[in-house]
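Here are a few notes to go with your first look at this structure. Please keep the view open beside you and follow the points in order.

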Amino acid sequence: MILACLFSALDNVVTLSNAHGTVAVQTWPRLFLAASDLAAGIVFDLAERRYMRLVMLGIAVLSTSSILAVEAGADPNLGLVVFYLSSDFFVTFFTATFTQLAPRMHAPALWAGMGRAANNACAFTTSGVSLALVTSGNVALIMIGALMLLVAASVAFVAAGLFRLPQTKQEREHQQRAEEALAAPSIKEQRRAFIANHALTPREVDVLMAVTQDERPLKQVAEELGISMRMVQRHLSSIYQKIDTQTRAGLTKAFPSA
């Protein structure tokens, strides 16, 4: 509503200047409307709309500056040029904002098209205030009002997270991978689950850990575990049967490792 009021004030400045014959809205400055449309579409789409709010704050500053300049006696055509340059930035901002909002709503199709309607509704409810301000004839009051609108818009943008830029696609993917890595069970947890799922005995676990650690001979495994070679082979046969494999390579592949 603050932005709509600010744009409405600029609109009233231009419209009244046209009514007084100091500018003609149908002349060459109108070409800037097409430039505004193209520029808004291109600039807002940069880095997935990361800079949309920052750009709109700049447009608000530009609009306010033109109001102040015209009221201070500058060529009214300046206000007309800025009006056309900023016009589609306001429209595109409202449209894009509601398009982003739509997926979170119960009726996305309705909300996706509400941007322009919201812009017009806000302009309608605030135009009386801005018109009274512009037609007051009090230049100081008009300037103070315009500056107050700019300050209010700046505060609103900052409060809405102007400097907290939305994440890019790459940043979201990186964050998702990091969250998945944190949520994934550790190797120890995976091994405990593997042992429990296959009902391995403590001694079978010792043998499994030893034979999957590297390719050392079974004789060396037996010596390190302090059991006979035959006992190692018996445990290994039992492990093969439980895990449904017949080779040490199969065990190594099945058993979770870092």
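1. Start with helix 1 (residues 2-19) and helix 6 (residues 115-134), which pack at an angle of about 55 degrees with axes 7 Å apart. That angle makes helix 1 oblique to helix 6. Please bear in mind that this is a predicted model.

2. Helix 1 and helix 6 pass each other in a right-handed crossing. On the helix 1 side, the contact is made by Ala-4, Cys-5, Ser-8, Ala-9, Asn-12, Val-13 and Leu-16. Helix 6 brings Asn-119, Cys-122, Ala-123, Thr-126, Ser-127, Ser-130, Leu-131 and Val-134. By class, the contact of helix 1 with helix 6 has 9 nonpolar and 6 polar residues, and no charged ones.

3. How do the axes of helix 1 and helix 4 cross? They come within 10 Å and cross at roughly 145 degrees, and the crossing is left-handed. Helix 1 takes part through Leu-3, Phe-7, Leu-10, Asp-11, Val-14 and Ser-17. From helix 4, the residues are Pro-76, Gly-79, Leu-80, Val-82, Phe-83, Ser-86, Ser-87, Phe-90 and Phe-93. The contact of helix 1 with helix 4 counts 10 nonpolar, 4 polar and 1 charged residue.

4. Helix 2 contributes Phe-32, Leu-33, Ser-36, Asp-37, Ala-39, Ala-40 and Phe-44. The contact of helix 2 with helix 4 has 10 nonpolar, 4 polar and 2 charged residues.

5. Finally, have a look at Ser-66, in helix 3 (residues 52-71). Is Ser-66 buried or exposed? Its relative accessible area is 3%, so Ser-66 is buried. The side chain of Ser-66 reaches the backbone oxygen of Ser-63 at 2.7 Å. Beyond its neighbours within four places in sequence, Ser-66 is in contact with Leu-10, Gly-79 and Val-82.

How values were computed: Residues are numbered from 1 along each chain as its sequence is written. This is a predicted model: local features need pLDDT of at least 70, side-chain atom pairs count only at pLDDT 80 or more; totals for chains, interfaces and linings use all residues. Side-chain values use heavy atoms; hydrogens and water are left out. Contact means heavy atoms within 4.5 Å. Helices (H or I, at least four residues) and strands (E, at least two) are DSSP runs, numbered from the N terminus. Ala, Val, Leu, Ile, Met, Phe, Trp, Tyr, Cys and Pro count as nonpolar, Asp, Glu, Lys and Arg as charged, and the others, Gly among them, as polar. Buried means under 20% relative accessible area, exposed over 50%, partly exposed in between (1.4 Å probe, protein chains only). A polar contact is a pair of N or O atoms within 3.5 Å; within protein, one must be able to donate a hydrogen and the other to accept it, and residues adjacent in sequence count only if both atoms are side-chain atoms. Axes are lines fitted to C-alpha atoms, for helices over the stretch in contact, and angles run from 0 to 180 degrees between N-to-C directions. A crossing is left-handed if the near helix is turned anticlockwise from the far one by less than a right angle, and right-handed if clockwise. Angles under 35 degrees count as roughly parallel, over 145 as roughly antiparallel, 65 to 115 as roughly perpendicular and the rest as oblique.
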